[in-house]
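Here's a quick tour for anyone new to this structure. Have a look at the model first, then read on.

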Amino acid sequence: MRMRHKPWAEDFLLAHAEIVSVDDARKGQMREWFNNDQPIHIEVGSGMGRFITEMAKAHPDINYIGIERDKNVMIRIVEKAVEQNIRNLRLLTLDAEHLADFFSPGEVDRVYLNFSDPWPKTRHAKRRLTHENFLKHYEKILKKDGEVHFKTDNQHLFEFSIESMSQYGMKLKNINLDLHTDEPEDNIRTEYEGKFSSKGFRINRLEAVF
Ligand code: SAM
């Protein structure tokens, strides 16, 4: 997702430090940030944040953390969270490769990956969020039996992810090659999901456990 550079992004995010972190100060402090013992679900690559904000509103008994490395995009999630006064949502401006610095081992109950960048060129495969280089971070921070839930319109990325996760030794379940035919009532469509579905792309989904 490309967003126009906003020179005021850093200042805007710093002004909302109660819900969004842009530096290392919150490392290892996720539990304390919420000040409760509710399960923690994270979304990696939250984009403009429709999914994570709607999930947080639908499940007040779960703590949600949106991870997004682009500050210009993160602004949009913060705006939603503030306008709607969502209390069980926190945000990290962070590259997923540093996840294990912020979360303790086994602290996270679920990881969501929604419409991750496909990085179609083979030489960029290591940047895909389902590459083993990222799976090893999810494995570390997820509790035993914690799940990765993945959705994408991109068939190549979906095939790559099935292979990558299987080769890593993950167990896959609930594989769906057309989520929107007979769409589950509780499915929350992300911004990209809405866009690609309306263009006629089929939506793929799977769940995976280490
Ligand atoms: N999940 C949203 C949706 O479905 O509408 C956004 C999808 S967009 C294609 C992918 C997002 O992931 C972008 O906003 C990008 O900045 C973010 N992203 C990509 N790689 C990332 C990484 N390594 N760490 C954190 N965020 C990342």
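A pocket, as the word is used here, is an open set of grid points where a 1.4 Å probe fits, with protein on both sides within 12 Å along at least five of seven lines. Keep in mind that this is a predicted model.

Let's start with the second largest pocket, which holds about 340 Å³ of space. Its lining is made up of 22 residues, and those nearest the centre are Met55, Tyr112, Asp186, Asn187 and Arg205.

| Element | Residues |
|---|---|
| α3 | 50-58 |
| β5 | 108-114 |
| β6 | 142-152 |
| β7 | 171-176 |
| β8 | 204-209 |

Now for a pair of helices. At what angle do α6 and α7 pack? Helix α6 (residues 132-141) meets helix α7 (residues 155-168) at about 55 degrees, and their axes are 10 Å apart. That angle is why α6 counts as oblique to α7. The two helices cross in a right-handed way. On the α6 side, Glu132, Leu135, Lys136 and Glu139 make the contact, while α7 brings in Ser164, Met165 and Tyr168. Taken together, the residues of this contact split into three nonpolar, one polar and three charged.

Note on methods. Residues numbered from 1 in each chain as written. Predicted model: local features only at pLDDT ≥ 70, side-chain atom pairs only at ≥ 80, totals over all residues. Heavy atoms only, no water. Axes fitted to C-alpha atoms, helices over the stretch in contact; angles between N-to-C directions. Helix = DSSP H or I, 4+ residues; strand = E, 2+ residues; numbered from the N terminus. Parallel < 35°, antiparallel > 145°, perpendicular 65-115°, else oblique. Left-handed = near helix turned anticlockwise from the far one by under 90°. Contact = heavy atoms within 4.5 Å. Nonpolar A, V, L, I, M, F, W, Y, C, P; charged D, E, K, R; others polar. 1 Å grid on protein atoms, 1.4 Å probe; cavity = no way out; pocket = protein on both sides within 12 Å on 5 of 7 lines; lining within 4 Å. Points joined across faces, edges and corners; volume = space filled by probe spheres on them.
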